[in-house]
Amino acid sequence: MSDELSGKVVLVTGAARGIGQASAIRIARAGANVVVSDILEEEGKQVVEMIKEAGGTATFVRADLSHEEEISGLINKITSDLHRLDGAFNNAGVLQHGKSLHELATEEWEKVINIDLTGVFLCMKYEIMAMLDRGVGGAIVNTASALGQVAITGASEYIAAKHGVLGITRAAAAEYGAKGIRVNAILPGIVETHDEGLLDNYLRQVLSSLKSRHPIGRFGRPDEVGDAAVWLLSNGSSFVNGAAIPVDGGYLAT
């Protein structure tokens, strides 16, 4: 255990698996009281148990980020039960459908935009309201993607959403920095998680072909993204606001 986030209440969305799970564990290890949130209730509760078994503090709150009332309910429960919200890692998201733009159905486009962009907007909206009400500031970290700055084929809906995440991150940083609320984004490259078993063959092949674009010679680990989130949530990054920080093994450098 460390003390970078000691005494802070931090929300992690999409925390049942992958980057979210590893980040929730890492954030708890840094001393935070972590609110683990996901639509996957059993897996989310397992993350809470993992944190507690390691000596940390965590609770689970289920929330579907495609519904505004569930997001507002999530934040209201945190402030009601824990009386504060110091930080949030808005990590929940879904992947692209692996289709060219003209082949995308409107509902496929909307699914990704609703979760990956509108969901981030709504989380930020209610998180910022809670932080403003308390009046002592806070830190918000959004998971964007290296594809928030560049593009590949077969991912227009995901790329549009992640570019939007960078835009809203910078807009919020400009609006709320003077009020003590810092907002930053992490841009992961390809990160190896067990979620990849859920991908179809096309997406698995696309991701595999991108390994050569990572000059470090490998894909990332979920805990490496978690380490970046801890730093951005902590006072160690107190002058970092509106930043888009690649955690991508050099993907964007090539």
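## Helices H4 and H5

Helices H4 and H5 lie roughly parallel to each other. The model that shows this arrangement is predicted. H4 spans residues 106-134 and H5 spans residues 156-176; the two pack at an angle of about 15°, and their axes are 8 Å apart. Because angles under 35 degrees count as roughly parallel, this pair falls in that class. The crossing of H4 and H5 is right-handed.

On the H4 side, the contact involves Glu 108, Trp 109, Val 112, Ile 113, Asp 116, Leu 117, Val 120, Phe 121, Met 124, Ile 128 and Leu 132. H5 contributes Ser 156, Glu 157, Tyr 158, Ala 160, Ala 161, Lys 162, Gly 164, Val 165, Ile 168, Ala 172 and Tyr 176. By class, the residues of this contact of H4 with H5 comprise 16 nonpolar, two polar and four charged.

## Helices H3 and H4

Helix H4 also packs with helix H3, which covers residues 68-82. The axes of H3 and H4 come within 9 Å and cross at roughly 30°. H3 and H4 are therefore roughly parallel to each other, and their crossing is right-handed.

From H3, the residues in the contact are Glu 68, Ile 71, Ser 72, Ile 75 and Thr 79. Their partners on H4 are Gly 119, Leu 122, Cys 123, Lys 125, Tyr 126, Glu 127 and Ala 130. The contact of H3 with H4 consists of six nonpolar, three polar and three charged residues.

Note on methods:
Residues numbered from 1 in each chain as written. Predicted model: local features only at pLDDT ≥ 70, side-chain atom pairs only at ≥ 80, totals over all residues. Heavy atoms only, no water. Axes fitted to C-alpha atoms, helices over the stretch in contact; angles between N-to-C directions. Helix = DSSP H or I, 4+ residues; strand = E, 2+ residues; numbered from the N terminus. Parallel < 35°, antiparallel > 145°, perpendicular 65-115°, else oblique. Left-handed = near helix turned anticlockwise from the far one by under 90°. Contact = heavy atoms within 4.5 Å. Nonpolar A, V, L, I, M, F, W, Y, C, P; charged D, E, K, R; others polar.
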